[in-house]
Amino acid sequence: MLLERKNVVTFKEKPVTLLGPELKVGDPAPDFTVVDNALAPITLASYQGKVKVISAVPSLDTPVCDMETRRFNQEAATLPDNVVVLTVSLDLPFAQKRWCGAANIDRVITLSDYQERSFGQAYGVLVKELKLLCRSIFIIDDKNLIRYIQFVPEITHEPDYAAVIGAVKNLV
């Protein structure tokens, strides 16, 4: 049974329930298994030695997720090579690949948690009522420690990009 957390975020101004633990800055980053656009399994170890910016979003086929991922794609171009920007959603890998092609995404790596919801459950970002991920950002250092967490209070809003990029630049 997964821990249920209430009053963390809202969706269209209504409180929703998050499933999974409440992670804190300084915690070891939990492992997860997601799939890339070719259905290959990807884990936290796939990016060993890199600073990982993980952006969890409900669906790339929605306006805010589209804007957010495009923005992080632009920001990724300004970051050093030891930083990887990952966007995780429950979209099917085929839809992610199509969306990336249409949006000219070449820096952000999209990953799908549709099979096991492993990321959503391990990071406490799976929304019980929607069966989607809530909008959140995790920055994990090269030693796999969580260095920054941002839960966007209203899922339909964009994150604080400046705070995320500032946190990344403080690490590299």
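Predicted model: local features only at pLDDT ≥ 70, side-chain atom pairs only at ≥ 80, totals over all residues.
Q: What box do the C-alpha atoms fill?
A: Roughly 40 × 35 × 30 Å, taken along the principal axes.

Q: And the secondary structure, how many helices and strands?
A: The protein chain has four helices and 13 strands.

Q: What share of the contacts is between residues 24 or more positions apart?
A: Counting contacts with a separation of 6 or more, 65% are of that kind.

Q: What percentage of the residues is buried?
A: Buried residues are 51% of the 172.

Q: What about the accessible surface, how much is there and what part belongs to carbon and sulfur?
A: About 8000 Å² for the protein chain, with 54% belonging to carbon and sulfur atoms.

Q: Charges next. How many positive and negative side chains?
A: There are 19 positive and 21 negative ones, and the centres of the two sets lie 1 Å apart.

Q: Switching to Ser89. Which strand is that in?
A: Ser89 lies in β8, which covers residues 83-89.

Q: Is Ser89 buried or exposed, and why?
A: Ser89 is buried, because its relative accessible area is 0%, and the cut-off for buried is under 20%.

Q: Which side chain does the side chain of Ser89 join in a polar contact?
A: That of Asp91, at 2.8 Å.

Q: Leaving aside neighbours within four places in sequence, which residues is Ser89 in contact with?
A: Val57, Pro58, Gln96, Leu111, Ser112, Asp113, Tyr114 and Leu133.

Methods: Residues numbered from 1 in each chain as written. Heavy atoms only, no water. Helix = DSSP H or I, 4+ residues; strand = E, 2+ residues; numbered from the N terminus. Buried < 20%, exposed > 50% of the residue type's maximum accessible area, 1.4 Å probe, protein only. Contact = heavy atoms within 4.5 Å. Areas by Shrake-Rupley, 256 points an atom, 1.4 Å probe, with all protein chains shown as cover. Lys, Arg positive; Asp, Glu negative; His and termini not counted. Charge placed at Lys NZ, Arg CZ, Asp CG, Glu CD. Polar contact = N/O pair within 3.5 Å; in protein donor to acceptor, adjacent residues only side chain to side chain.
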